[in-house]
Amino acid sequence: MIGLWIALGVVGVLGAAGGYGWSRLMKEHKEARSLPLNAVDFGRLGDGTYHGAYAGGMYKWRANECDVTVTNGRVTGIQLAGSTDPGTKNAQHEVLYDRVIQAQSLQVDTISSATLTSKAWLQAVENALLQAQHD
Amino acid sequence: MENELVAQTTQRAMGTVMSHKAFGLSAQVSVAAVCREVERIEGLLSRYLPNSDIGRVNGSAGTRSERISRETYEVLSTAAQFSQSCPGCFDTTIGPLVTLWNRGRDSLTQPDESSIKHILPLVNYRDLVLDPVSMTAGLREAGQSLDLGGIGKGFAGDKILDVFKQLGSSSAYSNLGGNVVTVGAKPDGSPWRIGIQHPRQEDRLIGAVSVVGRTVVTSGDYQRHFVDGQGKRHHHILDPRTGYPSESGLVSVSVVAERSLAADALSTILFVAGMEKGVAFLRSFPQAGAIFIDQDLRVYVTQGLRARFEADKGIEVTVLD
């Protein structure tokens with residue numbers, strides 16, 4: 001009898017863990033499909049340096065961290081603080097970071113350029129900027 | 001009230017990152033529909049999907065023609081017209097060369113001259129056989145392959161415009177990794193301001209162009225490039241005549257036009273053709289305007305864009321006759 005309860009308990013724990021794992025997996029799938037960078041209000045940034053991190057997709061291979069500096073209410077610098085992405089050496093994140101600085105300082109709606117890739121870099125920037133935002 | 005409704009999303013597709021933004025009552029629905037449309041178009045045109053129309057035509061090169069959708073046919077026949085009107089500037093059969101150079105990009109080495117010479121005869125748009133009756137496409141020689149890098153995102157842009165319009169969006173834009181399409185004006189009635197990337201300073205724009213319901217497509221030598229062991233910069237726009245990245249003296253060309261497919265092809269053609277030949281070629285497209293930037297970073301705009309292009313501080317602009 002006790003053996004049966006133990007067995008049922010093990011099944012229950014495994015089921016709960018599996019369900020939790022599955023829900024996280026689905027959440028990360030959903031997250032990876034769309035990484036919007038529109039939650040930040042650039043008009044409400046407090047001065048300081050803010051650390052932002054993005055955990056990456058389901059295999060964490062695009063995880064990255066950055067430090068965003070806000071001076072006089074404007075983003076003046078973004079530094080990569082760490083990354084698990086082997087593509088970091090290509091320095092593409094610098095291009096993306098520069099575009100954040102550029103888009104706020106010039107009154108344009110969007111930018112036409114030769115084709116550009118990658119978005120994960122921007123997620124850490126957004127996470128840092130959300131911390132910088134006034135309530 | 002309607003103007004306050006807005007939806008925006010980003011999407012990874014066609015080898016790049018896209019963002020779509022719409023205003024109005026149908027904003028949410030149309031942005032979601034646009035994302036699905038892009039996936040559908042990628043499913044037709046990607047050469048990396050073996051079962052796409054293009055994947056099948058490539059897979060059967062030298063063997064047989066393949067039945068393709070009406071849309072793929074439209075892209076291929078338009079591309080063929082552009083190839084004929086400017087021979088050597090634009091060629092969708094550039095696939096084998098792109099593959100060769102991509103291999104080089106990964107290993108940061110330039111393909112050797114003999115491989116390029118060996119592959120170059122395979123690049124020939126005349127070997128693409130299109131049959132409008134049976135709606136088929138085929139490549140004559142084994143080893144040939146299509147690559148719609150210079151036109152596929154342009155076509156997707158046009159299809160996005162159709163979706164926005166069908167769903168009643170009167171104010172929207174999509175940025176397909178640098179190719180911008182717009183529907184109408186901004187909700188307040190003012191034109192969309194589209195920044196033009198400075199080709200040599202990553203944190204700067206060379207200027208901005210104001211547009212209503214038009215598309216802005218830029219071809220430049222500054223993205224997807226690599227620097228080889230000798231420090232030479234290789235970009236992604238290959239000259240179908242030489243097999244090497246185009247060296248026409250231009251570093252960026254932006255085309256402003258009504259339809260995105262034509263703008264995409266035109267920006268590539270003008271970039272490869274160079275300033276003089278490009279300006280002459282553009283005369284056949286009176287509805288289109290262009291912003292040329294040469295290797296000395298001099299900026300030239302066509303007459304029609306004179307009032308709509310605003311250069312950044314310190315940038316001098318010459319208006320072309």
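**Close-up views of a predicted model**

**View 1. Surroundings of B:Leu76 in the nonpolar core.** Not counting residues up to four places away in sequence, B:Leu76 touches B:Ile54, B:Ile68, B:Leu128, B:Leu130, B:Ala137, B:Leu146 and B:Leu148. The structure shown is a predicted model. Within the largest nonpolar core, which has 65 residues, B:Leu76 is among the members that touch the most others, a group that also includes B:Phe90, B:Ile151 and B:Phe292. Helix α7 (residues 260-273) of chain B gives the most to this core, contributing nine residues. Another core, of 19 residues, lies apart from it and includes B:Tyr173 and B:Ile315.

**View 2. Salt bridge between B:Lys186 and A:Asp109.** The closest N and O atoms of the two residues are 3.2 Å apart. B:Lys186 lies in the loop between β7 (179-183) and β8 (192-197) of chain B, and A:Asp109 in the loop between α2 (92-105) and β4 (110-112) of chain A, so the pair joins two chains. B:Lys186 is partly exposed, at 22% relative accessibility, and A:Asp109 is likewise partly exposed, at 25%.

**View 3. Salt bridge between B:Glu66 and B:Arg56.** Here the closest N and O atoms are 3.0 Å apart. B:Glu66 belongs to strand β3 (residues 66-67) and B:Arg56 to helix α2 (residues 53-59), both of chain B. B:Glu66 is buried, with a relative accessible area of 10%, whereas B:Arg56 is partly exposed at 24%.

View 4. B:Lys117 counts as exposed because its relative accessibility is 58%.

Key:
Residues are numbered from 1 along each chain as its sequence is written. Chains are lettered from A and ligands numbered from 1 in the order in which they are written. This is a predicted model: local features need pLDDT of at least 70, side-chain atom pairs count only at pLDDT 80 or more; totals for chains, interfaces and linings use all residues. Side-chain values use heavy atoms; hydrogens and water are left out. A nonpolar core is a set of buried Ala, Val, Leu, Ile, Met, Phe, Trp, Tyr and Cys residues joined through side-chain atoms within 4.5 Å. Buried means under 20% relative accessible area, exposed over 50%, partly exposed in between (1.4 Å probe, protein chains only). Helices (H or I, at least four residues) and strands (E, at least two) are DSSP runs, numbered from the N terminus. Contact means heavy atoms within 4.5 Å. A salt bridge is a side-chain nitrogen of Lys or Arg within 4 Å of a carboxyl oxygen of Asp or Glu.
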